[in-house]
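Please read it with the structure open.

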Amino acid sequence: MSVEIVGAQGFDYQYTVTLYMILKYLEMDHFEVLVENESFEDAKLSYQLEDKTYHIELQVKKKASEIAYDEFATWLAHFQKSKSDCFILDRIQQSDTNYLVFVTNNRCTDNVSKFVGKENEIKENKICFSAEMLKDLKLRMLKGIDNKNELGRKRKEHIEQYFNQKKNELNKVLGRVYIIERKDQIEREIYIILKEQYQIPKMICRDVMNQMLDVVRQGRDSGEDITALIREILKNKRFSRVLPEDKSFYKRDSIDILKSELLQKNLLLLTGVPFSGKTYIAKTIAQELQDNGYYVKLTDNIIEDQEAYYFLMSPENDSRLLLIEDPFGHIGKSENYIQIRDKIEGLIRDRLSINRKVIITSRLDILLDVFQKKQIEECKIQGNGWINTSISSKEEAEKIWLRFYGESDESLQVFERLKRSFDHHDETVFLEIGEMRHLLLSVQNINVLTHMSTDEIIKQARISSEEVCRKIKSYGETYKDIFILLGCFCNTVRSVSVKDLAYILCSNEESVSIRQKMEEEVTVSIGDRQKNSHIHQEFPVYAQMPKLDEDIISILRVLCEKGYIYKERITNEIYFLHPIYTYASKLLLQEEIEDDWDIEKYIKYMRRAIGSLSSNAAFCSLCQLGQEFDREQMIIDCIVEGSRSIFPAIRDVSILYLDQNFDNLNEQVQKDFMKNIRNGRTADKYMQWNGNECWYQMDGKHYFDFFNMDDFWGKDINFTLEEIEERVRKKENFSKKEIYDILSSSLADNLSREFLEYTLLSDEAVIRSRAIFYLFKNYAAKLDFEKTEYLQRFENYNVVYGMLKGMFSSVNDFSEENVKKLIIYFQKQFERKSVSMYVEDLFDKFGDEYDSKAIDWGKYAEAERLRIWKIWAALFSKWLVCFPAKFMGMNEPHMSLNIDRSLKYLNNQKEVVDVANAWIQWIHNYSKYHSVNDYGMSVLDYLITGTKNSACLRKGMIKKELKVNSTSLVTAHISHIVDLWDMLTDEERKTSNF
């Protein structure tokens with residue numbers, strides 16, 4: 001396979017501004033837009049107004065500092081490459097309807113501000129430069145031109161001649177020079193235009209914007225007007241269609257009845273045999289609801305797809321429909337079907353309402369297996385029964401058949417022949433609707449069917465994964481490879497764009513979304529210049545625009561024609577049309593693996609998918625690789641690469657795989673994994689944003705500005721607390737970026753519980769970790785763990801850390817019962833390597849009364865401190881046992897200091913023994929990889945001192961410790977025993993009689 005590389009990727013800000021200006025002027029008569037041409041710079045917009053055609057030459061300038069007059073003069077002195085006889089003002093002077101518009105993210109100085117105007121009313125400024133002012137401008141323009149070569153000298157001569165014109169002529173031209181300043185929130189402004197002017201749902205504004213940005217880039221390469229393409233996206237993407245545009249689509253008679261059932265019960269359960277049309281029925285109803293204002297989301301994995309779960313749980317005051325496709329398994333019953341069933345029952349029980357609806361589809365045979373029943377009527381969820389979509393009558397079958405093959409005599413004859421066969425063999429009523437459609441795609445001419453035997457027709461119509469595999473292999477090796485790879489990058493729910501597919505299949509080794517450095521470097525800087533050069537990075541882009549090879553395009557076209565995959569006409573997104581096709585792709589890959597063929601080529605492309613800018617392709621590849629986890633070291637390497645993705649969601653999925661299979665990893669991978677976790681706190685703090693999508697910086701370099709109070713007191717935002725709460729009351733949405741900024745601001749400690757509960761439903765763990773911290777910290781007394789899922793979800797390690805830190809920040813506000821539940825929860829979480837590594841910082845600084853990362857001890861009375869240290873003892877004991885000693889060192893002086901301080905508060909000396917036992921076990925584990933120092937070996941000092949009034953609790957422990965196989969440890973033990981000899985019992989003195 002090969003991919004042709006064409007074009008060069010431009011600057012993102014330039015294209016975003018170009019799109020912004022397009023959207024502002026799109027409704028003008030005879031509007032046209034060209035992007036980057038030999039006769040102009042960034043873009044040229046044309047439109048008609050009052051019988052005049054206006055032309056706007058657009059130039060975009062992204063600057064780190066304000067625009068000074070000298071710099072602006074260099075903009076005006078711009079010539080095209082290798083040209084000296086025509087510069088930018090010459091072009092503007094050619095017509096009194098020509099305008100030059102500069103758009104910049106920064107502000108202008110006072111002497112440039114006379115050119116500043118509003119983008120909504122670009123009109124001639126009343127510029128009145130005196131001869132002296134024009135001379136000054138000319139000199140500044142000349143100053144910016146290098147005259148060391150012939151081209152520079154000619155350009156200076158041309159500008160000198162240009163300014164020989166009359167003053168009023170020059171002023172007229174300069175009056176059509178326009179600056180639009182302070183466009184530093186351009187993406188947000190685009191979202192507002194899309195939402196308010198073009199009625200694009202807010203939740204898909206980013207996707208719509210990205211699609212139109214691709215069109216802008218395509219316009220750069222083609223040199224053609226892109227207006228029609230932009231309008232087409234706006235027309236079709238007011239909602240992303242749920243139902244594919246299919247000429248052979250047939251609307252079942254039962255759909256209106258089933259839709260009424262959904263509207264009445266807020267739940268619709270559809271089942272049937274394979275290809276009975278249950279998914280098409282579900283999508284048809286979903287499409288009709290979407291056309292009437294519903295937000296619709298599809299998923300096939302309610303457990304791992306956290307975004308789908310939070311989509312339905314969101315408290316926003318809008319109408320939402322979640323379509324869950326084959327949650328119990330596409331081909332057979334999933335291993336975790338009980339967990340899936342419980343999750344679905346919880347959603348139905350807790351979340352269904354007039355504006356929260358769910359459709360679930362599942363195969364009939366899988367449902368009977370899941371519920372262990374013989375009849376579908378017995379398989380109910382929360383008292384709701386399943387509706388069988390299989391064809392149930394000859395009349396319905398005939399109606400569908402004639403819709404597909406027409407009402408000719410030949411069509412009726414073939415139908416009757418098939419019907420007699422089904423009656424004779426006492427099978428199903430007839431072919432299912434999906435089988436008839438598959439037959440139509442394979443054999444469109446009814447006359448061909450008349451010459452086929454009945455068995456041949458049925459065999460041609462019947463679809464199984466094995467039969468699909470056979471057909472795909474019959475097309476040739478390249479077809480098989482592409483089909484397998486598509487199954488690695490997409491499925492029936494997650495799609496991959498043609499652009500991303502082209503990148504994945506190209507020969508370029510670049511991984512655009514993988515961080516090459518795992519370390520996070522924070523440098524203290526003075527002033528903003530150094531800081532801004534690293535914190536505000538551009539979102540990665542493909543360095544070159546890839547293009548699919550014509551052979552691959554031809555294969556994709558055939559797969560579409562055969563009905564295996566579908567390509568969205570507007571978005572160029574590709575996905576499988578049925579789970580059986582996705583499964584067939586996996587079967588073909590499994591055959592390759594079992595036959596021990598060269599599977600490295602597939603792994604190579606999955607690795608490229610993980611490094612692409614398609615989170616869908618990365619997610620699907622990770623899931624595919626995870627199923628073959630123990631087969632190849634290459635696979636593990638791919639997942640490790642995913643853990644270094646700039647996308648937090650992909651990083652989290654990869655870390656989950658590695659965390660669950662940690663013991664099967666080689667030592668180097670384990671070390672890299674733990675280093676990645678350890679650096680996570682810093683990466684989360686310096687999160688970047690591309691529209692509404694968060695990502696990590698590529699180089700891991702961050703700058704702490706000494707004079708920037710944001711680093712001390714929180715981010716400065718454009719919201720007041722009152723404005724935030726007003727939006728909450730009005731049920732208005734917040735973007736992810738807005739939520740992140742608010743939670744990072746000085747307002748975070750005063751946010752309402754309602755807002756925090758809202759933000760906790762985000763699909764980004766970095767947001768949930770901050771939200772849960774403030775929720776636990778400020779509303780502990782109001783939390784009910786019986787009615788909420790805080791302790792039931794499998795959460796990311798950083799969210800667990802937020803819960804732990806939040807609990808210790810307000811521990812006395814929690815009820816005794818809730819504290820017990822939290823202790824059990826955290827003790828279990830510490831068994832995860834990612835969690836035990838991530839919380840180390842909290843335990844290390846725990847007892848320090850002066851460290852900002854530690855507990856705020858100053859606000860607690862002695863009685864409150866007592867409770868905190870008791871909780872610490874229960875958690876610290878478990879954490880010590882789980883401490884990943886192989887991969888990190890312990891600050892033993894800090895550990896010893898914390899443990900010693902606990903003695904003041906642990907009046908239950910059994911707690912002291914528990915800590916001592918954990919400490920002893922820690923020494924045993926830690927000494928395998930590190931030298932334990934005197935602080936780390938002072939366990940008997942702690943044990944004897946802490947149990948001086950209850951020596952019976954430590955019975956036998958001293959004797960056992962004196963027998964350990966470590967000279968240095970025994971020596972330390974003896975030293976502590978001698979120092980505390982008076983506290984020993986007679987039995988212990990006999991044991992220690994050395």
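1. **Ground rules.** This is a predicted model, in which local features need pLDDT of at least 70, side-chain atom pairs count only at pLDDT 80 or more, and totals for chains, interfaces and linings use all residues. Residues are numbered from 1 along each chain as its sequence is written, and side-chain values use heavy atoms, with hydrogens and water left out.

2. **Overall build.** The protein has 47 helices and 19 strands. Both are DSSP runs numbered from the N terminus: helices are H or I with at least four residues, strands are E with at least two. The C-alpha atoms fill a box of roughly 110 × 100 × 55 Å along the principal axes.

3. The protein has 994 residues, and 56% of them count as buried. Buried means under 20% relative accessible area, exposed over 50%, and partly exposed in between, with a 1.4 Å probe and protein chains only. Take the contacts (heavy atoms within 4.5 Å) with a separation of 6 or more: 75% of them join residues 24 or more positions apart.

4. **Charge.** There are 138 positive and 160 negative charges, and their mean positions are 2 Å apart. Lys and Arg count as positive, Asp and Glu as negative; His and the chain ends are not counted. Each charge is placed at NZ of Lys, CZ of Arg, CG of Asp or CD of Glu.

5. **Strand β5.** How many residues of β5 (residues 98–104) are buried? Seven of its seven. Asn98, Leu100, Phe102 and Thr104 point one way, while Tyr99, Val101 and Val103 point the other. In a regular strand the side chains alternate between the two faces of the sheet.

6. **Neighbours of β5.** Strands pair if DSSP finds at least two bridges between them. Strand β4 (residues 52–61) runs parallel to β5, joined by seven bridges. Strand β6 (residues 177–180) is also parallel to β5, with four bridges. Leu100 stands opposite Glu57 on the β4 side and opposite Val177 in β6.

7. **Thr582.** This residue lies in helix α25 (residues 579–594). Thr582 is buried because its relative accessible area is 7%. Beyond residues up to four places away in sequence, Thr582 touches Cys490, Asn491, Thr492 and Phe576.

8. **Lys859.** Is Lys859 buried or partly exposed? Its relative accessibility is 44%, so Lys859 counts as partly exposed. Lys859 sits in the loop between α40 (840–844) and α41 (862–882). Leaving out residues up to four places away in sequence, Lys859 touches Ser809 and Glu864.
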